[in-house]
Amino acid sequence: MAAETFVIVGAGLAGAKAAETLRYEGFDGRLILIGDEPERPYERPPLSKDYLRGESAERPYVHPESFYTDTEIELWTSTPVSAVNASLRELWLEGDQPLIYDRLLVATGAVPRRLEVPGAELGGIHYLRSLADSERIGERIERGGHLVVVGSGWIGAEVAASARQKGCEVTMLERASLPLEPVLGPELGQIYVDLHRGHGVEFLPETTVARFDGHGSVERVLTEDGNVIEADFVVVGIGAAPRAGLLETAGIRVDSGVVVDEHLEASVPGVFAAGDLANAFHPFYGRHLRVEHWANALKQGPIAARSMLGKPATYAEIPYFFSDQYEASMEYGGYATDWDEVVFRGEVAAHEFVAFWLRDRRLVAGLNMNVWDASEPIRALIRSQRALDPRDLADPAIPLSGLVEKARGAATEALSVRASEGGAL
Ligand SMILES: Cc1cc2nc3c(=O)[nH]c(=O)nc-3n(C[C@H](O)[C@H](O)[C@H](O)COP(=O)(O)OP(=O)(O)OC[C@H]3O[C@@H](n4cnc5c(N)ncnc54)[C@H](O)[C@@H]3O)c2cc1C
């Protein structure tokens, strides 16, 4: 039998980790990793942090260059894939013959949402997704001046922090009343607004951009409420959308990303998706989730690879992400859409605390800022689904690991009671 051909479209973190896993799991057929960027796969988190500030000269590649030749992974850079036909198992490269595959992984990530207002085509208005974007914005930050950041989500907030750290004047505009509010709620949103204002950022809430103005290059931002803000350059960070364009005629179910099951297989057998693009069924939450975070891409790549090989593999990680802004580094675990209580442990004013989001006394999410070793217990407590006493969570004298043990003990006890009563396990 001829060797099989596995193709991965999207040479980002998820694609690179999938390729690595396929080889480590013993796949010895032809393995092609295709990306439209000129670079080999790299990590994006540094692009709004140390790499943007020019503090690390090293490009944050996932693997050394030799890795791809050593493992016989054909890495095709600067190669956009324009279409996929899943029933014929072929994909199309621009202006080329179709490429036939046996298994396909699509890991094309996400693309920044564009702000469609008059003046959007002016120079000096930036979006941040790629290494090239980061280098362009980093060079502009080096020259100083007044930066207007549109949007105070993770990317906007991190760019604002980096630019302030480099001495730029920064104004951050937000349509909502607080930064990061949709994910973190008002309590944490207020902490972040205070953090930015404390570092000299002018934060303008409930502000919508009406248009950009300038001669060739942006010079001012006009807001719907009639404000005029002088700007030397602008960074827009208003979210991202899954890059599923190449699948439009593929016959694969696409709904807010590629819809995949818990093994990361799409509606057409032999096609898989991972990373920012995948809207994956999550067994713990009992619903589909599309997660745009580093850890998700890192861990879904290998799961997709094992599924491509027909090995048992399920993606069931509790979502996790991190962010660094000024001296405030944090990790967040969980997925919270509604909650009825937020409990704090530690020193909020000193930015050394853990925040817990509870629904019916069960932990749905937790955030640890400048407190380490809390992230694992947070995710274990979420998984346990045990009712927790908010006083225990708030008390720094009670180690979180102790609460995890207690939750595990309660679960074991419940199982043995059910077993002794003859219930099914
Ligand atoms: C500036 C920035 C900072 C971030 N910081 C954090 C952070 O602090 N913490 C955190 O948890 N997450 C962070 N993230 C998110 C994290 O980086 C992403 O979740 C992760 O990169 C997703 O990986 P991916 O492999 O799914 O997609 P990507 O890394 O986007 O890779 C997809 C690749 O596919 C290519 N591609 C797309 N379409 C085609 C096509 N048709 N043909 C060929 N190639 C194609 C793309 O160009 C890209 O190279 C950050 C993201 C950005 C942009």
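Which side chain does His63 join through a polar contact of 3.0 Å? The partner is the side chain of Tyr68. Before going further, keep in mind that this is a predicted model.

## A histidine with two partners

Let's stay with His63 for a moment. You'll find His63 in the loop that runs between strand 2 (30-34) and helix 2 (66-70). Besides the contact with Tyr68, the His63 side chain makes a polar contact of 2.5 Å with the side chain of Glu20.

Is His63 buried or exposed? Its relative accessibility is 7%, and the cut-off for buried is under 20%, so His63 counts as buried.

## Around the ligand

Now look for the ligand. There are 33 residues around it, and the ones that come nearest are Asp36, Glu37, Arg44, Lys49 and Arg129. If you sort this shell by residue type, you get 15 nonpolar residues, nine polar ones and nine charged ones. Several elements supply at least two residues each to the shell: helix 1 (13-24), helix 4 (154-165), helix 6 (294-308) and strand 22 (320-325).

In the side chain of Lys49, an N or O atom sits 2.5 Å from an oxygen atom of the ligand. Arg129 does something along those lines, with a side-chain N or O atom 2.7 Å from a ligand oxygen. With Leu13 it is the backbone that takes part: one of its N or O atoms lies 3.2 Å from an oxygen atom of the ligand. How much of the ligand does the protein bury? On its own the ligand exposes 1,000 Å², and the protein buries 94% of that.

Next up is an open sheet made of three strands, in the order 18-20-21, with mixed pairing. Strand 18 (258-260) and strand 21 (287-290) stand at the edges. Each of these two has a single partner strand, so one of its sides has no neighbour in the sheet. Going from one strand to the next, the twist averages 30 degrees.

Zoom in on strand 18 and strand 20 (residues 278-282), and you'll see that they pair in the parallel sense over three bridges.

## Two residues with positive phi

Tyr326 isn't a glycine, yet its phi is positive, at about 55 degrees. It belongs to the loop between strand 22 and strand 23 (328-334). With a relative accessibility of 11%, Tyr326 counts as buried, because the cut-off is under 20%.

Arg361 is another residue other than glycine with a positive phi, in this case near 70 degrees. Its loop lies between strand 25 (352-359) and strand 26 (362-369). Is Arg361 buried, partly exposed or exposed? At 44% relative accessibility, Arg361 counts as partly exposed, since that label covers values between the 20% and 50% cut-offs.

## An alanine on a loop

Last stop: Ala397, in the loop between helix 8 (390-394) and helix 9 (400-420). Its relative accessible area is 66%, and exposed means over 50%, so Ala397 is exposed. How far apart are Ala397 and Tyr332? In sequence they are 65 residues apart, and in space they are 22 Å apart, C-alpha to C-alpha.

How values were computed:
Residues numbered from 1 in each chain as written. Predicted model: local features only at pLDDT ≥ 70, side-chain atom pairs only at ≥ 80, totals over all residues. Heavy atoms only, no water. Near = heavy atom within 4 Å. Polar contact = N/O pair within 3.5 Å; in protein donor to acceptor, adjacent residues only side chain to side chain. Areas by Shrake-Rupley, 256 points an atom, 1.4 Å probe, with all protein chains shown as cover. Helix = DSSP H or I, 4+ residues; strand = E, 2+ residues; numbered from the N terminus. Nonpolar A, V, L, I, M, F, W, Y, C, P; charged D, E, K, R; others polar. Buried < 20%, exposed > 50% of the residue type's maximum accessible area, 1.4 Å probe, protein only. Pairing = 2+ DSSP bridges. Axes fitted to C-alpha atoms, helices over the stretch in contact; angles between N-to-C directions.
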